Amino acid sequence: VCWTYLLKDRLSVKVEVTASSRHYVDRLFDPDPQKVLQGVIEMKNAVIGNNKQKANLIVLGAVPRLLYLLQQETSSTELRTECAVVLGSLAMGTENNVKSLLDCHIIPALLQGLLSPELKFIEACLRCLRTIFTSPVTPEELLYTDATVIPHLMALLSRSRYTQEYICQIFSHCCKGPDHQTILFNHGAVQNIAHLLTSTSYKVRMQALKCFSVLAFENPQVSMTLVNVLVDGELLPQIFVKMLQRDKPIEMQLTSAKCLTYMCRAGAIRTDDNCIILKTLPSLVRMCSKERLLEERVEGAETLAYLIETDVELQRIASITDHLIAMLADYFKYPSSVSAITDIKRVCRFQTSECLMLQLLHSLDNLDHDLKHAHELRQAAFKLYASLGANDEDIRKKIIETENMMDRIVNGLSESSIKVRLSAVRCLHSLSRSVQQLRTSFQDHAVWKPLMKVLQNAPDEVLVVASSTLCNLLLEFSPSKEPILESGAIELLCSLTQSENLALRVNGIWALMNMAFQAEQKIKADILRGLSTEQLFQLLSDSDVNVLMKTLGLLRNLLSTRPHIDQIMSTHGKQIMQAVTLILEGEHNIEVKEQTLCILANIADGTTAKELIMTNDDILQKIKYYMSHSNAKLQLAAMFCISNLIWNEEEGSQERQDKLRDIGIVDILHKLSQSSDPNICDK
């Protein structure tokens, strides 16, 4: 056996228009209906498992003729059914086949066929629709274009176990987001599908279960409804728990675990419910073990990561269940490049033994399978590590102490797969919440270098998580802060503050705020220069409160240390005072106004900068107003301003005290000294 020919068998065969293919298409135009039927049946047999023949028939125009025959009322039910079967078989070929069918408007024709009274024809149309809608090239919206389709499909659910299986499969593949969930929910999907979970057909039960998993995902309304649905006297969660039992097929265990996970995350089931702690979580951990298929391990890890993502106690339970942290290390032991496959092909080229050749090809098949899932495995492992380490310091320590963990994360940051990179960054972000790890492992492996590289050129979804991680690496106790500054981070972060993406604006200004904390004057000057006065004040007028708070935090950090305060206020004082005035006059929450008053207190601590307050009667009146405010936080912040302005040991303190006495500040202080709040009274 020659390697060249064996390799050719693995490649897609080019389309060749053959005489036999023409013969099949010609038969479709025969005036004798019986010969047409016979031709369609022969065509059906010819295309089974033969992608070359399918492609030939599509090129020769078989699809429009088949659709014509399918839609003709004069065609016999048998002919229409066989046409639907052949079209379904063509759809099972390549994605290009499906595209060709869609171009011929096959979906409206098949949906029209569902109005027929003939069950066999309806089932054939549904089977074909199922094949087309489960293809990744088919837009899900095509199912929702005609508002009469969904209610009609709901009505067809009662016709047979095949209509139940196909319709549930169509729903589960075409339900992509809240809009689709709402449409299906409003047309009675829960009530119409619930009883199918007790069907005698495994396929029907399985497809119904998948329907509920997509309906419940991030949907509190559906989840709250599901938790109270009774089927044969049992609540749905109880039925899902029964489907988790080890004697059930793995596919069923995984999907029922998804249903319970999604209902839990949507708030319909408590995180401390026994069905979550004792059933769902252990089942998902079990799916991560070596004994499971690679695709099952991926699905198990990703679902578990989602289940525990926001709950500290579930994270702790998962971390000590079946040595999960160590178990996940095995997810990285699969080929991550084509190098292993290339090596086998190189050996094959020089082999003459047919037996050895077949053994090598079998190895190639296994490697192809492993390579296909290797990226997914690493992505799933990073996701689960990120969830496990989201809150608990001890868990983070265990994760980082796992064999080669930091090296794996660093390698993951430069992977070709965008999904692996995103998951690696999420894992790094989770671990970066640890003060101890920022000071040790993160420094030892210089993780800031690949992270900065990721930030140079990445889609927004990666940039958001990477910039969040950078915020942590720029905290004052992080050894990475200095090298990050030297690598040109200020320019990068300033550009993020101009992004249309809200999360990126928040992270950009947040990172600059951390960078400015107790920073040298040069760094502060570089930040102000990179940000520009115009951009800084645009951020102060941002409609999002998080952007505003972080920008105020940045200003507060910039305006610390007297020489820095005086220097910055000498160049930007007018604009800063204008911004402070606007915020104190605006409709902002207590936290925003407190932060603004703290900025004023910092300015008041400057040697020359405090004159910008003393010469601004409007600002002085605002400080006076907030000293008498009903909120204690604002009162305290306003008193800090006064305290810094009247400090006795500073030049000009007497004049300042006299002016403040003249505007009634002393009278207010006397009143506050009688306050029942000890913090205010002491101040």
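Helix H36 is mostly covered, with 10 of its 14 residues buried (buried means under 20% relative accessible area with a 1.4 Å probe and protein chains only). The model is predicted, so local features need pLDDT of at least 70 and side-chain atom pairs count only at pLDDT 80 or more, while totals for chains, interfaces and linings use all residues. Residues are numbered from 1 along each chain as its sequence is written, and side-chain values use heavy atoms, with hydrogens and water left out. Helices are DSSP runs of H or I with at least four residues, numbered from the N terminus.

**Helix H36**

- H36 covers residues 545-558 and reaches 20 Å from its first C-alpha to its last, close to the 20 Å expected at 1.5 Å a residue (the expected span is 1.5 Å times one less than the number of residues).
- The buried residues of H36 are Val547, Leu548, Lys550, Thr551, Leu552, Gly553, Leu554, Leu555, Asn557 and Leu558.
- The elements covering them include H33 (502-516), H34 (521-531), H35 (533-540), H37 (562-585) and H38 (590-604).
- Asp544 caps the N-terminal end of H36, with a side-chain oxygen 2.9 Å from the backbone nitrogen of Asn546.

**Helix H3**

- The end C-alpha atoms of H3 (residues 33-47) are 21 Å apart, which agrees with the 21 Å that its 15 residues should span at 1.5 Å a residue.
- Buried positions in H3 are Val36, Leu37, Gly39, Val40, Ile41, Met43, Ala46 and Val47.
- At the start of H3, a side-chain oxygen of Asp32 comes to within 3.0 Å of the backbone nitrogen of Gln34.
- Gly49 follows H3 and has a positive phi, near 70°.

**Largest pocket**

- The largest pocket holds about 1100 Å³ of space.
- A pocket is an open set of points on a 1 Å grid over the protein atoms alone, where a 1.4 Å probe fits, with protein on both sides within 12 Å along at least five of seven lines; lining residues have an atom within 4 Å of a point.
- A volume is the space filled by probe spheres set on the points, which are joined across faces, edges and corners.
- Its lining has 28 residues, and Glu302, Thr303, Tyr306, Gln379 and Lys383 lie nearest the centre of the largest pocket.
- Two or more lining residues come from each of H17 (250-265), H19 (294-308), H23 (354-388), H26 (418-431) and H30 (460-473).
- This lining divides into 9 nonpolar, 7 polar and 12 charged residues (Ala, Val, Leu, Ile, Met, Phe, Trp, Tyr, Cys and Pro count as nonpolar, Asp, Glu, Lys and Arg as charged, and the others, Gly among them, as polar).

**Second largest pocket**

- The second largest pocket has a volume of about 570 Å³.
- Of its 21 lining residues, Ser172, Ser213, Val214, Lys258 and Tyr262 lie nearest the centre.
- H11 (161-174), H12 (178-186), H14 (202-216), H17 and H19 each give two or more residues to this lining, and H17 gives the most, with 6.
- The lining of the second largest pocket is made up of 7 nonpolar, 6 polar and 8 charged residues.

**Two buried residues**

- Ser434 lies in the loop between H26 and H27 (435-439) and counts as buried because its relative accessibility is 0%.
- Apart from neighbours within four places in sequence, Ser434 is in contact with Glu393 and Arg396 (contact means heavy atoms within 4.5 Å).
- Thr131 is in H9 (residues 119-133) and is buried, with a relative accessible area of 11%.
- Not counting residues up to four places away in sequence, Thr131 touches Gly88, Ala91 and Met92.
- The side chain of Thr131 reaches the backbone oxygen of Arg127 at 3.0 Å.

Conventions: Buried < 20%, exposed > 50% of the residue type's maximum accessible area, 1.4 Å probe, protein only. Polar contact = N/O pair within 3.5 Å; in protein donor to acceptor, adjacent residues only side chain to side chain.
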